[in-house]
Amino acid sequence: MFICNHCPFVIHLKPGIVTLTNEYMRKGLSVVGISSNSVRTHPQDGPAAMAEEAKKLGYEFPYLYDETQEAARAFGAVCTPEFFLFKKDGRRPFELAYHGQFDDSRPNNGRPVTGRDLSMAIDCVLSGRPVSPLQKPSMGCSIKWHPEP
């Protein structure tokens, strides 16, 4: 998942992200959080603040900083939060199974944070069932790309 410290959309989901990731990591899911935002424009999204955030919220997954922004470009990530779920079937390469939103909750829209969309996809992958091709895109703050020199 591509997340960061400052985005109101991510802040809104953080407790739900922690609950969902802790639950599924116990079931064998590997989870990684990545911040790709430029620290030149958003220093609060850099490694030192990320480490504090991870400790404060109890992240049990690695929270990595994409200094060159190459990971965001390789994934085609455009916003935070943005979720990618890959499945691995034997010796075959990893395959993208889900690329979409956490759920329908947004700051101030009154809908509860459930992680429904992502958890349904994870349940399908873990049980060997196909993931629905109907996947709602993530909504949030744009990735803060490095300014041109």
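The accessible surface of the protein comes to about 8400 Å². Carbon and sulfur atoms account for 57% of that area. The model is a predicted one. Of the 149 residues, 43% count as buried. The C-alpha trace spans about 45 × 40 × 30 Å along its principal axes. The radius of gyration is 15 Å, which agrees with the value near 15 Å for a compact globule of 149 residues.

Four helices and six strands make up the secondary structure. Their order from the N terminus is α-β-α-β-α-β-β-β-α-β. Contacts were also sorted by sequence separation. Among those between residues at least 6 apart in sequence, 69% join residues at least 24 apart.

Helix 4 covers residues 116-127. Its twelve residues should span 16 Å at 1.5 Å a residue, and the end C-alpha atoms are 16 Å apart, which agrees. Buried residues in helix 4 are D117, L118, S119, A121, I122, C124 and V125. An α-helix has 3.6 residues a turn, so residues three or four places apart point the same way. The cover over the buried residues of helix 4 includes helix 1 (8-26), strand 4 (83-87) and strand 5 (95-100). Just after helix 4, G128 takes a positive phi of about 80 degrees.

Helix 1 contains P15. This proline is exposed, because its relative accessible area of 54% lies over the 50% cut-off. The C-alpha atom of P15 is separated by 9.7 Å from that of G58. Along the chain, P15 and G58 are 43 residues apart.

The peptide bond from T80 to P81 is cis, with omega near 0 degrees. P81 sits in the loop between strand 3 (79-80) and strand 4. Q69 has a positive phi, near 70 degrees, although the residue is not glycine. Q69 lies in the loop between strand 2 (63-65) and helix 3 (70-75). With 1% relative accessibility, Q69 falls under the 20% cut-off and therefore counts as buried. N108 likewise is a residue other than glycine with a positive phi, near 70 degrees. N108 belongs to the loop between strand 5 and helix 4. The relative accessible area of N108 is 84%, so the residue is exposed. Thus Q69 is buried, whereas N108 is exposed.

Definitions and conventions: Residues are numbered from 1 along each chain as its sequence is written. This is a predicted model: local features need pLDDT of at least 70, side-chain atom pairs count only at pLDDT 80 or more; totals for chains, interfaces and linings use all residues. Side-chain values use heavy atoms; hydrogens and water are left out. Helices (H or I, at least four residues) and strands (E, at least two) are DSSP runs, numbered from the N terminus. The radius of gyration is taken over C-alpha atoms; the globule rule is 2.2 Å times the number of residues to the power 0.38. Buried means under 20% relative accessible area, exposed over 50%, partly exposed in between (1.4 Å probe, protein chains only). Contact means heavy atoms within 4.5 Å. Accessible areas come from the Shrake-Rupley method with a 1.4 Å probe; for residues, only the protein chains shown count as cover. The expected span of a helix is 1.5 Å times one less than its number of residues.
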